Amino acid sequence: MSSTDFTWLIGGPQGSGVESGANIFSRVCAEMGYQVFGKREFYSNIKGEHSYFAVRISDQKIHSNVNDVTLMASFDAETIFRHYDEVISGGGIIYDADLEDTPTDKVRTLDAPFKERLHKELESHNKPFTIAGVLEIAKEKGVLLYPVSFKSILETLAEETENPRLKGLIRMFNVIGVSLSLGLVKMPPDSLQKTIGIIFSKKEEIAKINQQTATYSYNYATAKFENFNHTITGIQKEPGTLLVQGFQGTALGKIACGCRMQSYYPITPASDESVFLESNEILEIVHERPGSTAVIQTEDEICAIGMAIGSALTGTRSATCTSGPGFALMTEMLGWAGINEVPVVITNYQRSGPSTGLPTRHGQDDLLFSVFAGHGDFPKIVYASGDVEESFYDTGNVFNYADVFQIPVIHLMDKFIASSVVTCKRFDESKISINRGKLLEKVEDGYKRFAFTDDGVSPRSRLGLDNGIFWNTGDESDETGHITEDPIMRAKMMDKRMSRLDLVLKEIPDTEKVVSFGIEDYTIISWGSAKGPIIDAIKMLKEEGISIGFIQIKLLHPFPGDYVSSLLKDVKTIIDVEANYSAQLKKLFKQNVKRDVDYSILKYTGRAMTSTEVYDSLKKIVENKAEKREVLMHGA
Amino acid sequence: MALKMADFKTDVHNDWCPGCGDFGIVNAIQMALAEMGVQRDKTVMFSGVGCSGKTSHFINTYGIHTLHGRVLTFAQSAKIANPEMTVVAVGGDGDGLGIGAGHFVAAGRRNVNMTYIIFDNGVYGLTKGQASPTLKLGEKTKSLPSPNTNYNVNPIGLAVASGFTFVARGYSYDVRHLKDLIIQAVNHKGLSFLDVLQPCPTYNDLNTRDWYAGVDLVDEAQKRHSRIYKLEEQGYDPVVHYNEEAEVNERLAQALIKSLEWGNKIPIGVFYKNETISPYTDRLKDKIPNYLENPPAKQNISKNGFSDADISQILDSLEV
């Protein structure tokens with residue numbers, strides 16, 4: 001067992017600084033050597049609805065959140081109502097003492113279905129429908145309560161620092177919450193001061209106020225709070241550790257692998273990636289003049305992919321980044337890219353569908369849609385990354401696939417990855433190889449864009465290349481790219497294009513298709529971000545002497561059926577784990593491997609899986625007590 | 001060696017209906033490209049879908065026949081990625097003002113340095129003559145089961161309101177005049193729009209070549225009165241001369257009012273021209289100083305097969 005496995009949760013209304021509070025806490029812990037896995041949950045709302053951040057820290061490598069919260073920092077009533085029951089016995093709740101009498105009815109953002117469940121729970125414990133009521137339940141369970149008046153902290157601080165402005169500065173509540181927490185767990189205070197200095201490095205005055213508030217609150221906790229059993233005082237830091245946000249993996253991958261044009265239409269949770277690219281639009285190039293990425297905000301997702309294709313025709317590595325609803329609009333264009341053999345990358349940060357669905361919540365909903373997107377038969381690649389670190393290197397690979405096979409690539413990411421903040425090993429850009437395939441620098445006379453070749457891939461010219469004139473059309477075409485309706489030419493062109501799927505399976509190395517974490521009698525198949533909770537759950541079981549195998553399938557279309565089949569040939573029980581309703585991978589698996597899976601562990605609440613949940617279901621499976629379809633429900 | 005008009009023709013069989021107004025437009029484009037002396041491999045024709053969509057196959061430059069309504073999305077980014085290209089996009093009025101109207105408006109806001117030509121005939125020809133966005137309310141062309149129930153889009157007015165900085169109208173049976181307009185449009189610094197009136201001899205039996213020629217307006221002296229007249233011959237000045245709100249507004253308003261003329265008098269020529277608005281490529285240059293010398297399509301992205309981008313500063317900022 002790891003000696004430190006601690007989850008800190010901060011919550012509050014959107015717009016109240018929950019995120020920056022979590023950033024400070026995460027950064028302090030990372031600075032002090034801990035592994036960090038943080039996840040942000042928020043409503044589709046700008047201000048007022050409940051958001052929270054759960055930051056798990058450990059002295060071991062971690063890949064997911066767990067159900068248990070060790071310490072909760074709240075500065076509003078809603079956070080307590082929604083999360084009091086997640087805090088473990090021996091854990092703590094820091095809360096605003098001025099809120100004790102607040103009834104559930106006074107918190108307007110508590111929605112009816114939640115309130116009904118909460119009232120039922122309070123009734124069963126014979127408690128009033130107030131903050132005091134839920135805190136009593138927590139206390140009876142063994143949770144330590146740390147009441148503090150946030151308002152009076154600010155008042156005292158205003159007096160001590162002779163800064164009357166501080167008195168009403170409720171924006172400071174987040175820093176108070178963070179600092180009280182760090183004081184309680186005895187984190188050395190220097191790291192807190194240093195982190196605040198870094199985060200507010202461009203705003204000296206704000207940094208100073210925050211540092212004063214932090215010092216006061218930290219000291220308040222050490223002086224006035226009763227002893228807390230959990231301490232996190234720092235360990236040896238591994239050099240070369242990054243603290244990254246989930247969308248930065250693909251963004252930095254794009255910069256490194258030479259994507260120089262990205263078009264996008266704003267959509268959660270994908271836009272952050274494009275905004276990050278634009279914020280870093282001017283690029284340092286080794287021994288050369290600066291490069292740049294043209295990031296174009298378009299009028300809709302149709303234009304976004306149209307622009308990516310138009311730019312790709314000039315030989316520029318080009319991409320668009322979107323989420324399910326936007327990707328749905330792109331599908332006609334995807335077919336155009338397919339028939340015209342255009343290398344274009346679509347990064348899809350999936351969220352919960354259908355339709356607008358849960359716009360800010362997680363779901364691995366678009367696997368089957370991606371595989372079957374577009375009318376007519378045309379080749380494409382669907383590839384999924386499992387975490388931030390992987391997504392950096394995968395981004396380099398998917399651009400190579402697009403260029404080498406001259407087909408569109410859908411790179412599946414998701415909201416769980418996008419809004420997580422994690423520590424990982426510093427990305428190594430020297431590992432990003434660049435293979436442009438048959439892209440031409442020079443053209444001989446008599447050039448034909450779609451010339452028949454042995455491997456089905458034609459030499460590729462680009463707009464503006466001397467002597468390289470070609471035609472494209474969404475109609476069926478001949479080798480020059482002019483329209484044809486000749487039945488024989490049609491069949492030949494169809495064969496040429498679709499043969500690329502076999503080429504993909506032949507050329508992409510097995511290690512890039514599937515990652516095996518070990519094969520056992522019980523083996524999990526999964527894809528995308530379910531990887532993290534699975535790895536952590538398997539580790540928990542291993543510590544109990546239960547071995548579970550796991551293969552992470554990254555190349556999902558064309559599906560490496562033969563390879564997956566060979567990996568699983570001795571497996572007795574196959575367990576599918578994914579965050580959608582219909583077990584989409586299971587369907588692909590059945591179609592391509594001609595074998596059924598035995599169990600599915602699914603989640604479609606819009607919240608990411610925790611390793612605790614996956615562990616529980618796996619254990620039930622091993623003990624023969626599980627349903628064929630295990631559905632996970634944890635998380636507010 | 002200077003290229004001739006014939007050098008801009010392909011040997012692809014042209015399957016438009018006999019008498020189609022599109023022929024005049026393709027000829028005018030080929031004449032204009034030859035006269036301007038553009039390089040064939042530095043020029044790209046983009047086209048939408050419909051009869052006009054086939055245009056790119058008839059012109060011997062790079063030719064990209066895109067999707068219905070989407071031609072501007074492809075064309076703009078090709079120019080942004082490789083600004084040395086001469087980019088001309090073409091499409092029908094249904095293509096550009098029906099399914100593609102959103103892109104039309106957004107393109108105006110960007111003002112990418114390129115040309116968009118709409119083949120405007122009031123009908124969806126390739127699907128057998130349904131009413132298109134420029135057909136007037138209550139009109140009934142021959143294959144409509146009943147008169148058109150929609151009000152028409154005003155292409156010139158929409159272009160002016162959307163931010164296009166060169167807005168003109170041509171007539172496909174006045175090929176030389178149209179050729180001159182195309183040259184002006186291509187040479188314009190910013191996004192230029194050409195609305196080309198183009199009779200569909202098969203499905204539009206109202207706005208025919210004879211109708212435009214005013215055959216029905218013969219007076220007592222047996223003199224014909226063409227409906228088409230040229231703005232430049234009336235002393236109309238479309239140019240925004242200096243960048244002041246009052247000047248710009250006056251030229252915009254003038255163009256909008258002119259665009260409403262229809263019926264017995266139909267103006268062609270340049271309605272509006274404003275080079276005081278920066279093209280999109282200049283706006284990118286303001287953010288990325290070496291963008292024009294080192295645009296996306298020209299950037300070297302690898303050294304010996306590996307990344308040459310240096311992301312160490314960004315990584316340093318993320319390191320703990």
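My entries begin with the conventions, go on to chain B and end with the annotated spans.

Conventions. I worked from a predicted model, in which local features need pLDDT of at least 70 and side-chain atom pairs count only at pLDDT 80 or more, while totals for chains, interfaces and linings use all residues. Residues are numbered from 1 along each chain as its sequence is written, chains are lettered from A and ligands numbered from 1 in the order in which they are written, and side-chain values use heavy atoms, with hydrogens and water left out.

Fold of chain B. I looked up the secondary structure of chain B and noted 11 helices and 12 strands, taken as DSSP runs (helices H or I, at least four residues; strands E, at least two), numbered from the N terminus. The radius of gyration of chain B is 21 Å, close to the 20 Å of the globule rule for 320 residues, so chain B is as compact as a globular protein of that length; the radius is taken over C-alpha atoms, and the rule is 2.2 Å times the number of residues to the power 0.38. I also noted that the C-alpha trace of chain B spans about 85 × 50 × 45 Å along its principal axes.

Burial. Of the 320 residues of chain B, 57% count as buried (under 20% relative accessible area, 1.4 Å probe, protein chains only).

Annotated spans. UniProt, in an unreviewed entry, lists residues 49-196 of chain B as "domain: Thiamine pyrophosphate enzyme TPP-binding", an annotation that may be inferred rather than shown by experiment. I found this span of chain B to be 36% helix and 22% strand, with its end C-alpha atoms 17 Å apart.

Methods: Buried < 20%, exposed > 50% of the residue type's maximum accessible area, 1.4 Å probe, protein only.
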